[in-house]
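Here is a short briefing to read with the model open beside you. Please have the sequence and the 3D view ready, and we will go through them topic by topic.

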Amino acid sequence: VYRGSVKDFPGFDANQDAEALYNAMKGFGSDKEAILDLITSRSNKQRVEICQAYKSLYGKDLIADLKYELTGKFERLIVSLMRPPAYGDAKEIKDAISGVGTDEKCLIEILASRTNQEIHDLVAAYKDAYERDLEADIVGDTSGHFKKMLVVLLQGAREEDDVVSEDLVQQDAKDLLEAGELKWGTDEAQFIYILGRRSRQHLRLVFDEYLKIAGKPIERSIRGELSGDFEKLMLAVVKCIRSKAEYFAERLYKAMKGLGTRDNTLIRIMVSRSEIDMLDIREVFRTKYEKSLYNMIKEDTSGEYKKALLKLCGGDDDAAGEFFPEAAQVAYRMWELSAVKVELRGTVQPAGDFNDDGDAQVLRKAMKGLGTDEGAIIEVVTKRSNAQRQQILKAYKAHYGRDLMADLKSELSGSLAKLILGLMLTPAQYDAKQLRKAVEGAGTDESVLIEIMATRNNQEIRAINEAYQEAYHKSLEDDLSSDTSGHFKRILVSLALGNRDEGPENPTQAHEDAKKLADVSSNDSSDSLETRFLSILCTRSYPHLRRVFQEFIKMTNHDVEHAIKKRMSGDVRDAFVAIVRSVKNKPAFFADKLYKSMKGAGTDERTLTRIMISRSEIDLFNIRGEFIDLFDKSLHHMIEKDTSGDYRKALLVLCGGED
């Protein structure tokens, strides 16, 4: 099935098009609209024929005339469209290695993503266009393991056999683990050999096997074991093996997000993928970034340049609201990855040689007299487990006849006070307090209710109920019922019971559950869409729900999260999405919440504090891993950049390290 956005123009006449372009450029000024309309609606093969017809009719070089008549980004885009793909890649690589410095990102993108045949065509086009050897030029402009891997990719010799040996898959996964995680230093040659030579189908299975034996995705090991441009190249190879559409969607998103636009990257990808997989890229982009590629281009560019890019894009998926096989494939792969058992690890461990009386004395000394030694308080509180902090509270009371919480409250202030006081509460007391704050007073903080109720297990929910009753002398269920309404209230009350099934998946039941979620034809008001989702998402076990979601994708070609967003709204939608994301990958859910709490202007310190406290002894180490995988920056780095003073010091201790 053809997945490009640009197709052969029906009734094509090269001479007629050549004449139209000549007329658009003759005289004073040029008709840019006519030029972009014609060139973006012809396939590359047809554009090459137009170039030949133009030369035959007018004895002139069409590309030279376009360069003369057009300017800036629009000129670069239109001229790029006129070159055959191999010559386009050759020009991009020549520009990347010419002059002072090297554009390593361009080299990585092209050589990591092209097929064997595309590499062979590129090498031949480079030789033809510049009378130089591409390998020799790249060797002269790069170094180290980065250079070695580029040379391997330049051979265009990746295995293409679809027959995969299970034994070799297991051996390659084991060899990669032993070359990196299990080795003092790293055997880069092993990474180069396996990732540079094995077939795509084989490597996909190797990555799945690696996740099982290492307990982490291959990408995270590459980030930990390799560095610099070599690391970036190997990550690009892995991403392209998994899904080229996903790789290019990410490259396009990064080219446009934030201030400024990386126009060279944007042009190169829009041109090079327009006749290969642009429809797949659009689908993944819409699923992954919750907005269409079309709309992002529309917001980020202008003029004829924008019009031409939008034509290459080929359509607005926000308007269509569709979900397609490539996006479903990406979603399905994410479910499969999430189903692999990974050990959850916190960043705060019980202190060795713990002395509750000694710690109580350190804290008293830090608060006694004029001024407060915040550093000493941070050192003790953030480096003890919650159970040890409870012992310190008792020792402080026994030793000094004083309430440690009250003393801390009077000595500390602002964000640091909220963080330290939160750490001194038990997890259930802390969650109960956050829920109470979310429902008391004017207005309700639904996002806090959703975050806590959608992510806690049965045992944690029951402990929260007890702590809430003890602290506020009323039941959590009553407060949730009086402060919310409709389906949202029913979801929260169901979750507050802490009665989720804890058994394994039931394949037969999972298929029936998926059918129930997929059914949009039911007219029975007692069996509304929301009721059906509630009865399954709020009661089934996590392993079972993962199976339900896989069945849902097989059945509908839709991801269940996408279906929720399309068919529901408001707090009900947000609650169901939070449950789905928590089931899918709880550390990734919290990584996303942490990122959103710090990105852009200002910091949502309440969310940042709440998650750092509540996950520090459960899965904050895993959250750190997901954070860097999702956002290409470490949680430690983002906290360091986005916070300050003693609050930052305490958060960084809880974070537990720089990735």
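In which sense, left-handed or right-handed, does H2 pass H5? The crossing is left-handed, where left-handed means that the near helix is turned anticlockwise from the far one by less than a right angle, and right-handed that it is turned clockwise. This is a predicted model, in which local features need pLDDT of at least 70 and side-chain atom pairs count only at pLDDT 80 or more, while totals for chains, interfaces and linings use all residues. Residues are numbered from 1 along each chain as its sequence is written, and side-chain values use heavy atoms, without hydrogens and water.

**Overall picture**
- The protein has 41 helices and zero strands, taken as DSSP runs numbered from the N terminus (H or I, at least four residues, for helices; E, at least two, for strands).
- Of its 659 residues, 50% count as buried (buried is under 20% relative accessible area, exposed over 50%, partly exposed in between, with a 1.4 Å probe and protein chains only).
- Along the principal axes, the C-alpha atoms fill a box of roughly 100 × 65 × 60 Å.

**The H2 and H5 pair**
- Helix H2 (residues 32-40) packs against helix H5 (residues 72-82) at an angle of about 35 degrees, with axes 11 Å apart; axes are lines fitted to C-alpha atoms, for helices over the stretch in contact, and angles run from 0 to 180 degrees between N-to-C directions.
- Lys32, Ile35, Leu36, Ile39 and Thr40 of H2 meet Phe74, Ile78, Leu81 and Met82 of H5 (contact means heavy atoms within 4.5 Å).

**Nonpolar cores**
- In the largest nonpolar core, of 97 residues, Phe576 and Met612 touch the most other members; such a core is a set of buried Ala, Val, Leu, Ile, Met, Phe, Trp, Tyr and Cys residues joined through side-chain atoms within 4.5 Å.
- Helix H37 (residues 570-598) supplies the largest share of this core, 14 residues.
- Beyond its neighbours within four places in sequence, Met612 contacts residues including Leu594, Leu635 and Leu651.
- A second, separate core of 96 residues includes Met25, Leu153, Leu176 and Val206.

**Around Asp632**
- Asp632 sits in the loop between helix H39 (620-631) and helix H40 (635-642), and counts as partly exposed because its relative accessibility is 35%.
- Its side chain makes a polar contact with the side chain of Arg223 (3.0 Å); that is a pair of N or O atoms within 3.5 Å, where within protein one must be able to donate a hydrogen and the other to accept it, and residues adjacent in sequence count only if both atoms are side-chain atoms.
- Asp632 and Arg223 are 409 residues apart in sequence, yet 9.8 Å apart in space, C-alpha to C-alpha.
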